[in-house]
Amino acid sequence: MAQRSYRRRLGRFFSIACRVAGISATVLSLIVVWLWVSTDLPSPERLRAHASVGATQVLDRNGRLLYSVPDPLGAQRRPISLSQMSPALIQATIAIEDASFYANPGIDLRGITRAIWLNMRHGRIVAGGSTITQQLARSFLIDPSLAQERSLERKAREIVLALKLTTVLSKDEILELYLNQTYYGAMSYGVEAASQRFFGKPARDLDLAEAALLAGLPQAPSRYNPFVNPDAARARQRDVLSAMVRAGFITPAEAESAAREPLQFRSNCVTPGCLPRAPHFVFFVLERLTAELGPDVVARGGLTITTTLDLGLQEAAELALRRQLDALANPRDGSPNRRARNGAVVVLDPRDGAILAMVGSPDFTNDAIQGQVNATLALRQPGSAIKPLTYAAALERGWTPATTILDVPTAFTDADGRVYAPQNYDRTFHGPLSLREALATSSNVAAVRTLDFIGVPALLEMASRLGIASLGDEPGRFGLALTLGGGEVTLLELTGAYAAFANGGMRVTPYAVQDISGATLHEVSAPLMRKAPSPALDPQIAYLISDILSDRYARMRAFGSALDIDRPAAVKTGTTTDWRDNWTVGYTPDRVVGVWIGNADGRAMEAVSGVTGAAPVWRQVMLAAHEGLPPRPFVRPPGIVEVTICAEGGLLPSPVCPATRLERFIASTAPQRPDDTHVLIRVDPVRECRAPDGYPQARTMLRIYRLLPAEAEPWAANAGVPRPPRAVCPPLPDVAREQRDDARSAGDAWTSGEMNVSSRQLPPLLITSPAHGAVFAVSPGVPIERQRIAITAGATLDIEEVTIFVDGEPVAAAPRAFWQLQPGIHRAWAEGRDADGQIVRSPIVEFEVRSTPIR
């Protein structure tokens, strides 16, 4: 009985299931029939006429025309037959887009099944499983406004149109039509236009490497544009070559050979009106809007795109770059060509990130320098230009501009046991430096020590916070050389990061579009529109970095006046190993300017530094960018205090501090204790020993010595820095010997300018730097006019009108002078007037300048 009841229920279930399946099949059939009937197969000519509503125009911020986009499906497009295309291009397209193209009926059931599964898993349309025929239907036969949607209706119509196409056109006709209308980026529709645009040759002449690169573009034309993202384009090319191997079109060896082939990008765009004004910027805007809105809307939608560009400033930047590269190629002093052929410039408004100028190369049409590559978006090593981010992170962790950092020979060991010993640009070491001096003079050793203190993750986090995404967030990829430019960033990213220093700590996202309007545009959330600035850095930290980078006196020893302009400006240079890249990035509260000089192919230049290469461009562009703007200082935020400190050591002055200076601090980090790094010792200068109690004072003098950590002592000995004598003077043997020694001591003291002191009071006037006996060296890799040392004098409060002399010649009527190095032995002293108007002269300090580096 129970078994009969079970069979009845089972039969009823199958009956209902069959009815449901029948109804579903009927409904599905009706839907398919309705779609088949309602989805027309219009002629291409009618669709083109319907889609084009007018030329898109790109304007600068003042309404001046930069470009009127020609209709890419109009007279300039040249359809060609399959026989006029490279066989490698046809094979590459089939392999990467639709491997079963010649076997499927226009749709790939396996691909559709896979797409349905992925879409169900994600709860939205994330995959399409489209064949070449479906892509043709979507991009060429469906209305552009519907083609951009991700909906089931669009997908259904796309499948129906693909099936219809297969019934009326042969496979070769479908492939030919697809290859002639597909969008490849850079406003290029069809393989012939793309081949001419990227390689300057007909599609029939493309080799395997070129064909593979082009075939990979349609999936994401903006992302894989080789002029903008060459690394991404190369990676996509490898994907295409791998697909060709899987499809049996080429061998693995042929694929590897093609992947290694250098690509020479050229363009036949040389006719008047073919190129826009500010071409790199305009294509930057169009490519990114195309990714957002679709190529048809941007190219043929009759849009008016008002950008942030200032055309006048853009043209001034272009001219400054070309003139400097010409000067480097033809030095006035008759020296050889510096082999610097390329460069780039970015100008931003630091208040909101508006791109005011973008020069991607000196000549867009120059194929020899890969002029079409937008170097403002290319990944390059920034050299020392990344250092301000390192020091900003250190200031966040309690360091101050007065923190002492040792610039002495140092070896660091990484996690893998490898030893890293950084060198300075001038191949010398400079001993104890304040953080202000270390950043302003760009000490490599000090920067590495700072990164060792804060850790690589801290620098990566700071870079990310300020808008640099290219370094990523994987500390294991980098070592301590990261702070010297060991990672790669783009000029646009780094210039944007500096904007946060300029505006008081707000992160800005560089943007290029102010407004978009047009007949076909309803609502846009374009990635190039303005984004509100967001807090990224404490205003006090941003101010201190700006204060240091704008301190012309702190940087003068290393850079002279090459970076000075007509107003306060913060600036940093960067030069990479073997002269491959050099940078200058700097700013005021009103403008940020970044400049890169180098070669697109990575070839080394000939002794071109940030000062001699990029800095002259930076200076000219800064002057042009500030024309009509009044000078403005960097506004000091609340919580910054000025404190008088001991010039060496960074603590409060003690009675034996040889010189003082003002320094700025965040109030909570200002020094609280007096300097303990200097000592006053009575010595016998002849016997070089400490004078004990009862020692004849006529033989002695008081000297101030700076105490250094043990690891700095070898440097001090090598550099000739006087060290406190360890030995105590033994008793004198007899009075006669004492008298003779006293006489000799007095004579030596007189000829050396040293003062015999019979009390424990300091002389009223002293040369505090350099030390007596110091040794310096001329660096062969740095222009001699850029090599200076600071000569400073310390005086009691009653000494006025201090003048510093070197070899009998006055060099500065101030307690500090910057003196250009000259090989030889030199004598320096200071003179001033006391309260009675009498001339007071300091002891003479002798120092040596050698023509070879100190090791």
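1. Secondary structure first: the protein comes to 25 helices and 31 strands. Helices here are DSSP runs of H or I with at least four residues, strands are runs of E with at least two, and both are numbered from the N terminus. This is a predicted model, so local features need pLDDT of at least 70 and side-chain atom pairs count only at pLDDT 80 or more, while totals for chains, interfaces and linings use all residues. Residues are numbered from 1 along each chain as its sequence is written, and side-chain values use heavy atoms, with hydrogens and water left out.

2. Buried means under 20% relative accessible area, exposed means over 50%, and partly exposed is in between, with a 1.4 Å probe and protein chains only. Take the contacts between residues at least 6 apart in sequence: 71% of them join residues at least 24 apart. A contact is heavy atoms within 4.5 Å.

3. Now the pair H9 (residues 191-199) and H10 (residues 208-215). Their axes come within 11 Å and cross at roughly 115°, which makes H9 roughly perpendicular to H10. For the bookkeeping, axes are lines fitted to C-alpha atoms, for helices over the stretch in contact, and angles run from 0 to 180 degrees between N-to-C directions. Angles under 35 degrees count as roughly parallel, over 145 as roughly antiparallel, 65 to 115 as roughly perpendicular and the rest as oblique. The crossing of H9 and H10 is right-handed, a label used if the near helix is turned clockwise from the far one by less than a right angle, with anticlockwise giving left-handed.

4. Who touches whom there? From H9, Ala 194, Ser 195, Phe 198 and Phe 199 meet Glu 210, Leu 213 and Leu 214 of H10. The residues of this contact divide into 5 nonpolar, 1 polar and 1 charged. In that scheme Ala, Val, Leu, Ile, Met, Phe, Trp, Tyr, Cys and Pro are nonpolar, Asp, Glu, Lys and Arg are charged, and the others, Gly among them, are polar.

5. H10 has 8 of its 8 residues buried, so it is largely enclosed by the rest of the structure. Glu 210 is one of those buried residues. The cover over them includes helix H3 (87-97), strand S3 (183-185), H9, helix H11 (230-246) and helix H12 (252-260).

6. Asp 207 is worth a click: it is found in the loop between H9 and H10, and counts as partly exposed because its relative accessibility is 26%. Asp 207 caps the N-terminal end of H10, with a side-chain oxygen 3.2 Å from the backbone nitrogen of Ala 209. Polar contacts are pairs of N or O atoms within 3.5 Å; within protein, one must be able to donate a hydrogen and the other to accept it, and residues adjacent in sequence count only if both atoms are side-chain atoms. The C-alpha atoms of Asp 207 and Leu 89 are separated by 8.2 Å, although the two residues are 118 apart along the chain.

7. H21 (residues 539-549) also has an Asp cap: a side-chain oxygen of Asp 538 lies 2.8 Å from the backbone nitrogen of Gln 540, at the N-terminal end of the helix. Of the 11 residues of H21, 10 are buried, so the helix is largely enclosed by the rest of the structure. Among them are Gln 540, Ser 546 and Asp 547.

8. Trp 618 lies in helix H23 and is buried, at a relative accessible area of 0%. Leaving aside neighbours within four places in sequence, its contacts include Leu 563, Ile 565, Val 571, Tyr 587 and Val 595. The side chain of Trp 618 also reaches the backbone oxygen of Val 593 at 3.4 Å. The C-alpha atoms of Trp 618 and Val 571 are 9.4 Å apart.

9. Two backbone angles to look at. Trp 579, in the loop between strand S15 (570-575) and strand S16 (581-587), has phi near 60°, a positive value in a residue other than glycine. Ala 607, in the loop between strand S17 (592-598) and helix H23 (610-625), has phi near 55°, again positive in a residue other than glycine. Trp 579 is partly exposed at 23% relative accessibility, and Ala 607 is partly exposed at 34%.

10. Last, Thr 400, in the loop between helix H16 (387-396) and strand S8 (404-407). Thr 400 is buried, at 8% relative accessible area.
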